[in-house]
Amino acid sequence: MSPYNNENNTEYQLRYFQKLMICLLGFWIWALIPSFVFAAPCEKPFSEVFSDVSPSVVRIFIIAIDPYSATERVQMGVGTGVVIDDNGHIVTNAHVVYESKELLVSIADKDMQAAEIVGLDPVTDLAVIKLTSPQGEFHKANLGRSDELSIGADVLAVGYPLGIGKTATRGIVSAIKRVIPLSTFSWMTPYIQTDAAIYPGNSGGPLVNRCSEVIGINTLYGEQAQNINFAIPIDLVRELVPQLIKDGRVIRAWHGINGRILPPQLMYIMGSSPGFLVETIEPGSPAEKLKLRGGTLPVKIGMEEYLLGGDVITKVNDETLTDLSTVARIAKNLKVGDKIQLEYWREGHVYNVEVVLPERPILPGDVRYFREKKRSR
């Protein structure tokens with residue numbers, strides 16, 4: 001019998017068709033898996049996102065007294081906070097609650113309850129507060145990961161702008177790791193930039209993604225520009241909150257040196273080695289005791305202003321300072337009690353000194369920053 005008779009041929013075609021369908025099904029499953037695994041984890045409507053996060057967002061009322069002022073001593077303000085754990089700890093901005101004599105929190109826009117400051121950090125403008133005698137039910141927020149953010153991602157800002165009711169504004173992530181020159185420690189807080197509208201009263205409220213996860217704490221709004229607002233990355237909040245709860249502060253080593261990496265054009269003009277240009281020295285700091293020198297001559301290159309005339313630190317513990325990321329890594333790893341060796345350039349000569357680092361206190365510049373921010377909570 002021929003292998004190509006009708007019966008065998010039909011059986012052969014059936015088996016071929018079955019194998020073909022199995023292959024197509026496998027290819028279809030293989031093609032769909034990445035869309036389930038690697039696609040955006042969720043695309044919730046913003047109305048649902050607001051409903052999810054709203055119960056964890058609280059209104060903060062503050063009465064502050066400035067003991068150093070003869071007028072306008074009593075200041076009242078409103079800010080926002082977000083509940084972050086089952087113990088009722090609330091994260092907000094440090095400038096919202098600093099120097100507060102009375103601190104009241106409204107949960108779910110109901111009765112106000114007394115609260116107290118648990119911890120406060122002037123460098124990152126973060127604070128943790130807690131109700132003194134909690135009443136009612138808490139709803140903690142779901143914290144996300146800011147290191148997974150991408151520019152263009154949808155976000156929602158929730159808070160109490162201008163002291164009115166709870167409000168949501170939508171936008172996108174406009175930029176990440178944005179450094180704003182507000183203080184000499186600004187480079188330690190790389191902000192999330194967003195065009196979601198933020199107003200006075202929004203300070204301390206959450207910036208949320210489409211998964212209803214908090215990815216930032218709103219802190220700054222552009223007073224001289226539209227749609228330029230900033231939030232503290234939630235990964236930094238995760239890192240610092242345990243220490244704020246445990247110690248009431250973030251313990252940092254203090255050197256008292258402020259400045260920036262020396263650009264090549266100034267390096268050429270000064271004839272100096274590559275390094276970190278010392279622009280200012282904090283009074284009473286280890287740097288002042290070492291008689292390091294800050295700058296006195298302001299020079300502008302483009303939009304950047306430099307104070308020339310100060311020392312140029314070329315090495316820390318034998319590591320050359322070639323870029324800001326190196327400086328940031330070294331500074332972040334410094335601990336109270338560390339002994340460090342500095343090599344610095346001054347007027348054509350290289351010097352070496354050694355110092356033991358104490359803890360950084362709250363400085364007059366921190367207080368001035370807080371009081372300026374209070375006027376625009």
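Student: Which elements each supply at least two residues of the nonpolar patch?

Tutor: β1 (57-65) and β2 (74-83) do. Strands (E, at least two residues) and helices (H or I, at least four residues) are DSSP runs, numbered from the N terminus. This is a predicted model: local features need pLDDT of at least 70, side-chain atom pairs count only at pLDDT 80 or more, and totals for chains, interfaces and linings use all residues. Residues are numbered from 1 along each chain as its sequence is written, and side-chain values use heavy atoms, with hydrogens and water left out.

Student: Which residues make the patch?

Tutor: I63, I65, V74 and M76, with a nonpolar surface of about 380 Å². Patches are made of residues with over 30% relative accessible area and no salt bridge; nonpolar side chains (Val, Leu, Ile, Met, Phe, Trp, Tyr) are joined within 5 Å, like charges within 9 Å. The areas come from the Shrake-Rupley method with a 1.4 Å probe, and for residues only the protein chains shown count as cover.

Student: Zoom out. How many helices and strands?

Tutor: Eight helices and 21 strands. Of the 377 residues, 45% count as buried. The protein exposes about 20400 Å², and carbon and sulfur atoms supply 56% of that area. Where contacts join residues at least 6 apart in sequence, 61% of them join residues at least 24 apart; contact means heavy atoms within 4.5 Å.

Student: What does pLDDT average over the protein?

Tutor: 85, with 83% of the residues scoring at least 70. pLDDT is the predictor's confidence in each residue, from 0 to 100.

Student: Where does it stay under 50?

Tutor: Over residues 30-40, and the model has one contact beyond four places in sequence for them. Where pLDDT is low, the predicted coordinates should not be read in detail.

Student: Salt bridges next. How many in the whole structure?

Tutor: The search finds 15, a salt bridge being a side-chain nitrogen of Lys or Arg within 4 Å of a carboxyl oxygen of Asp or Glu. One of them joins D121 and R252, 2.7 Å from N to O. D121 lies in strand β5 (residues 112-121) and R252 in the loop between α4 (234-247) and β14 (257-261), so the pair ties together parts 131 residues apart in sequence. Both D121 and R252 are buried.

Student: What about K332 and E239?

Tutor: Their side chains form a salt bridge at 3.8 Å, N to O. That pair links helix α7, which holds K332, to helix α4, which holds E239, 93 residues apart. K332 counts as exposed because its relative accessibility is 52%, while E239 is partly exposed at 43%.

Student: And D86 with K140?

Tutor: Another salt bridge, 3.6 Å from N to O. D86 is in the loop between β2 and β3 (90-93) and K140 in the loop between β6 (126-131) and β7 (142-143), which puts them 54 residues apart. D86 is exposed at 61%; K140, at 47%, counts as partly exposed.

Student: Which residues are linked in a network of salt bridges?

Tutor: E43, D154 and R210 are.

Student: New topic: D338. Where is D338 found?

Tutor: In the loop between α7 (324-333) and β20 (339-346). D338 is partly exposed, at 26% relative accessible area. A polar atom of the D338 side chain lies 2.7 Å from the backbone nitrogen of K335.

Student: Apart from neighbours within four places in sequence, what is D338 in contact with?

Tutor: N333, V355, V356 and L357. The C-alpha atoms of D338 and A253 are separated by 8.1 Å, at 85 residues apart along the chain.

Student: Last one, backbone angles. What is phi of N317?

Tutor: Near 50 degrees, a positive value in a residue other than glycine. N317 sits in the loop between β18 (312-316) and β19 (319-320) and is partly exposed at 35%. E347 has a positive phi of about 50 degrees and is not a glycine either. E347 lies in the loop between β20 and β21 (349-356) and is exposed, with a relative accessible area of 61%.

Notes. Buried means under 20% relative accessible area, exposed over 50%, partly exposed in between (1.4 Å probe, protein chains only). A polar contact is a pair of N or O atoms within 3.5 Å; within protein, one must be able to donate a hydrogen and the other to accept it, and residues adjacent in sequence count only if both atoms are side-chain atoms.
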